[in-house]
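A plain account in running text is enough.

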Amino acid sequence: MGLADIAAGIEVTERQRECGVAAVDDTDATLAERLEPFAEDLPCSAGTAATVVDSYAAGNAVDDCGHAAGIPPVTAAKTLHRLGEQVSPLGPRGRDIVRDWLSGTLSRGDARTLAGVGERTFALAAYVESHDPLPGARDAVEGALSTPDADPLAETHSDVEDLL
């Protein structure tokens, strides 16, 4: 069967609507202002969340982001998770174990033992598994967390001057 046979009988019954290119210009709004609509669902204020995101975007570890914002590191991790960042302290198997505990299949003690983590790590993993990222929040922080000019593998490349 060829493409002509597959397309036989297909006809256009309606015209396609011309939508054009969608453009969003949020350059006038600060990061804290863009996070304000999500403040009620974040574990900290929008201003504090903006500080966490700025610190994280600068390459700091999650615990350093919390210290920079004046909040506990676990709150910084929860904030980044709700904003769409991958901050789960467990791998895929550990996450499955936490999900089993959340569904009632395992006891908390058994789940912690199987995951091989401490109480704090388990609690953060449970939060990550039981709270979805906020819809639209990733768009609010997209510009702050993207680094289009940075090469994440820059340290692994040789430079022309290395050959001289």
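**From helix H8 into the cores**

Thr121 has its place in helix H8. The model is a predicted one. With a relative accessibility of 30%, Thr121 counts as partly exposed, because the partly exposed class lies between the 20% limit for buried and the 50% limit for exposed. Apart from its neighbours within four places in sequence, Thr121 is in contact with Pro89 and Leu90. Thr121 and Val74 stand 47 residues apart in sequence, while their C-alpha atoms are 9.1 Å apart in space.

How many aromatic pairs does the structure hold? It holds 1. Trp101 and Phe122 form this pair, with 5.2 Å from centre to centre and 65° between the planes, an edge-to-face arrangement. The edge-to-face label applies because the angle between the planes is over 60 degrees. Trp101 belongs to helix H6 (residues 92-102) and Phe122 to helix H8 (residues 119-130), so the pair ties together parts that are 21 residues apart in sequence.

On the H6 side the contact is made by Arg95, Val98, Arg99, Trp101 and Leu102, and on the H8 side by Phe122, Ala125, Ala126, Glu129 and Ser130.

Another part of the model to follow is H5. This helix spans residues 73-82 and is mostly covered, with 7 of its 10 residues buried. These are Thr75, Ala76, Ala77, Thr79, Leu80, His81 and Arg82. The buried residues of H5 pack against H3, H4, H8 and H9. After H5 comes Gly84, which has a positive phi near 100°.

Leaving aside neighbours within four places in sequence, the contacts of His81 are Val87, Tyr127, Val128, His131, Asp132 and Pro133.

The remaining topic is the nonpolar packing. In soluble globular proteins, nonpolar side chains tend to be buried together. Here the largest nonpolar core has 23 residues, and those with the most contacts inside it are Leu31, Leu35, Val52, Val53, Leu83 and Val141. At least two residues of this core come from each of helix H2 (31-35), helix H3 (46-57), helix H4 (62-69), H5 and helix H9 (137-145). A second, separate core has 9 residues, including Val117, Phe122, Ala125 and Ala126. Phe122 is thus a member of that second core and a partner in the aromatic pair with Trp101.

Val53 and Val141 are, like Leu31, among the core residues with the most contacts.

Technical notes. Residues are numbered from 1 along each chain as its sequence is written. This is a predicted model: local features need pLDDT of at least 70, side-chain atom pairs count only at pLDDT 80 or more; totals for chains, interfaces and linings use all residues. Side-chain values use heavy atoms; hydrogens and water are left out. Rings of Phe, Tyr and Trp (its six-membered ring) pair if their centres lie within 6.5 Å; planes under 30 degrees apart count as stacked, over 60 as edge-to-face and the rest as tilted. Helices (H or I, at least four residues) and strands (E, at least two) are DSSP runs, numbered from the N terminus. Contact means heavy atoms within 4.5 Å. A nonpolar core is a set of buried Ala, Val, Leu, Ile, Met, Phe, Trp, Tyr and Cys residues joined through side-chain atoms within 4.5 Å. Buried means under 20% relative accessible area, exposed over 50%, partly exposed in between (1.4 Å probe, protein chains only).
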